[in-house]
Amino acid sequence: MGIFAGGYAGQILDVNLTDGSITRRPLDRAFALNYIGGRGFSSRTLWDELRPGIDPFSPDNVVVLAAGPLNGTPAPSASRLTVATKSPMTGGVGDANSGGYWAPELKYAGFDAIVIRGKSEEPVYLWVEDGKVELRIANHLWGKKISETSQLLKEEVGDDDIHICAIGPGGENLVRYACVVTDEEGVGGRCGIGGVMGSKRFKAVALRGSQDVRIADPKRFKEAIDAYRETLVGEAWTETLRTLGTPNLTGHRQKLGIWGAKNFQRGTIEDYEPISGENFREKFLLKPLGCMGCMVRCRRYSSIQEGPFAPVYTKGPEYETIHALAAKPYVTDPAVVLRAHVLCDEYGIDEQTAGSSIAMAMELYERGILKRDHVDGQELVFGNGEALLYFIEKIALREGFGDLLAEGTRIMGERLNADYYAIHIKGLEVDAADPRALVTRALTYAVATRGACHLRGFPYIDEFITPEEAEAHFGTAAVSDVKALEGKGKMVAWSEDWVTIADLMGLCKFAWHRSRNFPMLIKRGLELAREIFVATTGLPMTTEELYRCGERVYNVEKLFNVREGFGREADYPPPRFFEEEMPDGSGKGAKLNREEYDRVLDEYYEARGWDKVTGEPTPEKLRSLGLQ
Amino acid sequence: MTKQRIAYFEDTRDPESMCSRCRLCELICAFHHHQVGNPRRARIKVISLGKGVDIPVTCLNCEEAPCMTICPTGALHRPEPDGMVMVKEDLCIGCAMCVNACPVGTITLDPVTGVALKCDLCDGDPQCVAYCPAKVLKLTDADRYARHRMKAFVKSLQASQEGS
C-alpha cells in the first residue's frame with residue numbers, strides 16, 4: 001500500500017520476458033497525482049520508455065495493462081482496464097479499454113499496473129496471486145482459442161475463481177489488429193495490442209487476489225456513490241442502455257442514414273429490422289449483464305437456441321458489433337452477425353477492423369480490383385454472410401487471402417493500390433458511424449490520438465447544450481447550434497480532456513461521461529469523479545486539476561505521435577468523406593468541405609495550444625502542464 | 001417473527017429480473033463491514049455457471065444451524081431466538097469447521113483477519129438488498145419466499161392456459 005491512504009495498490013509489476021526477470025516498483029505519488037492511473041499510466045509509460053521508430057512487433061515494444069485508482073472499490077462502474085502499446089495499426093499510441101472484472105482483480109492481487117517487455121523464447125503466461133508472481137510455460141495454451149485457454153488455465157490452477165486476460169490465435173499469428181480478451185467477455189479490441197502480446201510470445205495473465213483496496217474516507221466515499229446513484233434515477237439514457245444496450249443506437253443510425261454501410265457507400269440499410277437493437281433483444285437476449293459494480297448494466301448476454309449455429313451463448317452484441325459485422329459487410333442475418341462476433345472474440349481479433357477489412361475487400365471485389373482467384377475462390381460480395389464467417393477464421397490463422405486481410409485496410413490499400421477505399425484515420429478504421437454530415441464528428445474521429453475513434457471525445461454536446469450554458473462554458477452561444485462552426489474546435493478539445501478522465505480513473509464512459517444534459521456532464525464527469533477520487537485516495541485534487549490531468553495525458557499522447565512523425569496531415573478524415581456525397585438517408589447529399597474542416601481543425605489546435613502547421617504542442621502549453 | 005434471510009427473487013421470463021452479475025452486492029457488503037473494496041471479504045457471492053446462470057448465494061439462516069452447532073468455541077451464536085447467527089470475532093479461532101458444515105457453503109474465513117465471515121443482515125438493513133440494481137435480492141423469510149414461489153408457479157399455469 002505504501003504511501004497511499006487508499007485506492008492504489010502502490011506497486012507496479014515489471015516483467016522482462018527476454019530474461020524472465022520480475023521486478024516490483026513502488027508507485028510514485030507525483031506520478032499518481034499527475035496521471036491518475038489507467039490510460040494516464042500507460043500513455044506516459046509509452047512516452048518514457050519507447051525509442052521513436054521501433055517496430056511495434058519487436059521486443060523493444062512494451063505492453064502495459066493498467067488499472068485506475070477506483071478499480072476494485074464499490075465506486076459505480078469502476079471496472080475498466082486500459083491495455084496499451086505502440087500500435088501496429090497506427091505506429092502511434094495504441095490503447096484499448098475493456099470492462100468486466102479483470103482490472104479490479106489486478107488491484108486485489110496487489111498491483112496497479114503490469115508492464116510487459118522483451119520477448120520470450122517459448123510461449124509463457126503470467127500467474128499472479130496476492131503479490132506472488134510467476135512466469136509459466138504456455139506451450140500447451142499456444143494455438144488455443146480464448147474459451148479453451150481460459151478452461152485450461154482454470155484447470156491448471158485448480159480454481160475457477162480466477163480472472164484471465166488472454167490472446168487467441170489471432171494475436172499469436174500477429175494479426176495486426178488482434179485484441180486481448182478478459183474473462184472471455186471483455187474485449188480490449190482496438191489498436192492491435194493482442195498482436196504485440198503474440199509477438200512477445202506472451203499468452204495470458206491469470207490473476208487471483210484477496211487483498212483490500214483501501215478507501216481513505218469511507219463516509220465521504222459512501223456519500224459520493226449515493227450522490228452518483230441519485231443522478232441515474234429517471235435518466236432516459238440509463239434506461240435505454242439497460243433495456244437495449246449499446247445496440248439502441250441502431251435506430252439512430254438508420255434514421256439519420258449514417259451507418260457507413262458497404263464500406264461507407266450507403267447510409268441506410270434496406271433490410272434493417274433484423275439487425276435492429278430491438279430485434280436482437282427480442283430474439284436473442286437472455287439478460288443484461290453488469291460489469292463489476294455497475295448499476296447501468298448495458299452488456300447483453302445473448303444466446304442462439306435454434307438454427308445452424310445453435311447453441312451459442314455469448315456476451316454481446318454491442319452496437320459496434322452490428323456496425324462492423326452487419327452494416328459494413330451488409331450482412332443482415334442477425335444469427336450470422338452473432339456467430340461472426342463469437343468467432344472474432346474466440347480467435348481474438350478486433351471485430352471492428354475485421355469487419356472493415358472484409359467490407360473493403362467486398363467493395364474491391366465488386367469493383368473488379370480483386371478477382372475470385374485472389375480471394376480463395378469466394379464470392380466476396382456485400383451481404384455474403386458465409387464469406388464473412390469464412391474470412392474471420394482465415395484472418396486469425398493468416399491463411400489464404402486472410403493473410404492480407406489480417407493487415408487491416410491501410411496496408412491492404414497500399415498492397416492493392418487501392419488507398420482510396422481504405423476508410424481509416426492514422427491507420428485505424430473508422431468505427432461507430434459515418435461522420436460526413438457533421439464536421440465536428442469528423443474532427444473528433446480524425447484528431448483522436450489512437451486513430452479513428454468515437455470514444456476519444458464527446459462531440460454531441462452541441463445537440464443539447466443551451467445557448468446560455470454554451471456562452472458560459474465555451475465563450476460562445478454558437479456551440480449550441482449544431483450547424484455552426486464557431487466554438488466547435490474548443491468544444492471537441494474540452495470533451496477530449498474531460499472524457500479522458502474516465503480512462504484515468506478506471507470508470508466507464510457510458511456510466512460517468514454520458515448524458516444529454518450539460519450540467520450533468522460537469523457534475524458526474526468532473527465533480528463527482530473528483531469527490532470519489534479524493535474520498536478513495538485521500539489525495540488532494542480540485543476539479544481544475546483533474547481536468548488538467550485529462551489534458552496532460554492527451555498532450556503526452558500527442559507528443560508520442562509527433563515523435564513518431566505524425567503531422568497535421570494525420571488529423572484528416574479519409575478522402576471518401578470529402579469526395580463522395582452521402583448517398584441516401586436524411587443526410588443525402590452531405591459531404592465534408594475541406595475549407596470548413598481546416599477551419600475547425602485550426603480552431604481545435606488553437607484551443608489546444610498546438611502549432612497549426614505541425615500539430616505539435618507549443619512549449620507554453622507543455623510548460624503549463626508541467627511537461628517540460 | 002420468523003427467521004429472516006436474504007433471498008434471490010428472479011423471474012426468468014423477464015431479462016431484467018435476473019442477476020446481472022455486476023457483483024455490487026459483494027462490493028457493498030465488504031465495504032459496509034470492512035470499509036474496503038474486496039469481494040473476498042463479502043458475505044454474499046455471485047456464483048456463475050455460464051450460459052447465463054449467475055446466482056447470488058448467502059446465509060440461509062438455518063433453524064438448526066450446523067455452523068453454530070459445530071463451532072467449538074461458541075463464536076457462532078444466535079443472540080436473539082429468531083435472529084441471525086452471528087460471529088463473536090474474539091472467540092473465533094479460524095478452525096473452519098463452520099466452513100465445512102454450512103450446507104450451502106456460504107461461510108468462509110476472512111482472508112485478512114482469518115476469522116469466520118458470514119451474513120449478519122447489516123442490523124436489519126442489508127446493504128446488498130439496498131444496492132442491488134436489478135432489485136432481485138430481498139430480505140425475506142421462509143413464508144414470504146414460499147408465497148413468491150407459489151405465485152410464480154400459478155403464473156406459469158396461467159401462462160400455459162392462455163397459450164393453449
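This is a predicted model: local features need pLDDT of at least 70, side-chain atom pairs count only at pLDDT 80 or more; totals for chains, interfaces and linings use all residues.
**Architecture of the two chains and their contact**

Chain A comprises 26 helices and 18 strands. Taken along the principal axes, the C-alpha atoms of chain A fill a box of roughly 65 × 60 × 50 Å. Of its 628 residues, 62% count as buried. Contacts in chain A also reach across the sequence: among those between residues at least 6 apart, 70% join residues at least 24 apart.

Chain B contains five helices and nine strands. Read from the N terminus, its elements follow the order β-α-β-β-β-α-β-β-α-β-β-α-β-α. The radius of gyration of chain B is 17 Å, close to the 15 Å that the globule rule gives for 164 residues, so chain B is as compact as a globular protein of that length. Along the principal axes, the C-alpha trace of chain B spans about 60 × 35 × 25 Å. Here 38% of the 164 residues count as buried. Among contacts in chain B between residues at least 6 apart in sequence, 56% join residues at least 24 apart.

Turning to the sheets of chain A, six strands make up an open sheet with mixed pairing, in the order E8-E7-E12-E9-E10-E11. Strand E8 (132–137) and strand E11 (186–188) of chain A stand at its edges with a single partner strand each, so one side of each is left without a neighbour in the sheet. On average, and with direction ignored, neighbouring strands of this sheet are turned by 15 degrees against each other. Within the sheet, strand E7 (residues 124–129) of chain A runs parallel to strand E12 (residues 202–208) of chain A, and six bridges join the two.

The axes of helix H22 (residues 518–537) of chain A and helix H23 (residues 543–563) of chain A come within 9 Å and cross at roughly 105 degrees. On the H22(A) side, A:Leu526, A:Glu527, A:Ala529 and A:Arg530 take part, and they meet A:Thr543, A:Leu546 and A:Tyr547 in H23(A). By class, the residues of this contact divide into four nonpolar, one polar and two charged.

The two chains meet through 22 residues of chain B and 27 residues of chain A. On the side of chain B that touches chain A, the elements that give two or more residues are helix H1 (24–34) and strand E2 (36–37) of chain B. H1(B) supplies the largest share of that side, with four residues. The side of chain B that touches chain A has 11 nonpolar, six polar and five charged residues. Strand pairing also crosses between the chains: strand E13 (residues 213–214) of chain A and E2(B) pair in the antiparallel sense over two bridges. In this pairing, A:Val213 stands opposite B:Gly37 in E2(B).

A cis peptide bond joins A:Ala310 and A:Pro311, with omega at about -5 degrees, and A:Pro311 lies in the loop between strand E15 (299–304) and strand E16 (312–315) of chain A. A cis peptide bond also joins A:Gly316 and A:Pro317, where omega is about 5 degrees; A:Pro317 sits in the loop between E16 and helix H12 (319–327) of chain A.

A:Ile36 has a phi of about 65 degrees and belongs to the loop between helix H1 (29–35) and helix H2 (39–49) of chain A. With 31 C-beta neighbours inside 10 Å, A:Ile36 counts as buried. A:Arg297 has a positive phi of about 60 degrees and is placed in the loop between strand E14 (285–289) and E15 of chain A. A:Arg297 counts as buried, with 25 C-beta neighbours inside 10 Å. A:His473, in helix H19 (residues 467–474) of chain A, counts as partly exposed with 19 C-beta neighbours inside 10 Å.

Methods: Residues are numbered from 1 along each chain as its sequence is written. Chains are lettered from A and ligands numbered from 1 in the order in which they are written. The radius of gyration is taken over C-alpha atoms; the globule rule is 2.2 Å times the number of residues to the power 0.38. A residue is buried if 20 or more other C-beta atoms lie within 10 Å of its own, exposed if 12 or fewer, and partly exposed in between; C-beta atoms are placed from the backbone. Two residues are in contact if their C-beta atoms, placed from the backbone, lie within 7 Å. Axes are lines fitted to C-alpha atoms, for helices over the stretch in contact, and angles run from 0 to 180 degrees between N-to-C directions. Ala, Val, Leu, Ile, Met, Phe, Trp, Tyr, Cys and Pro count as nonpolar, Asp, Glu, Lys and Arg as charged, and the others, Gly among them, as polar. Two strands pair if DSSP finds at least two bridges between them.
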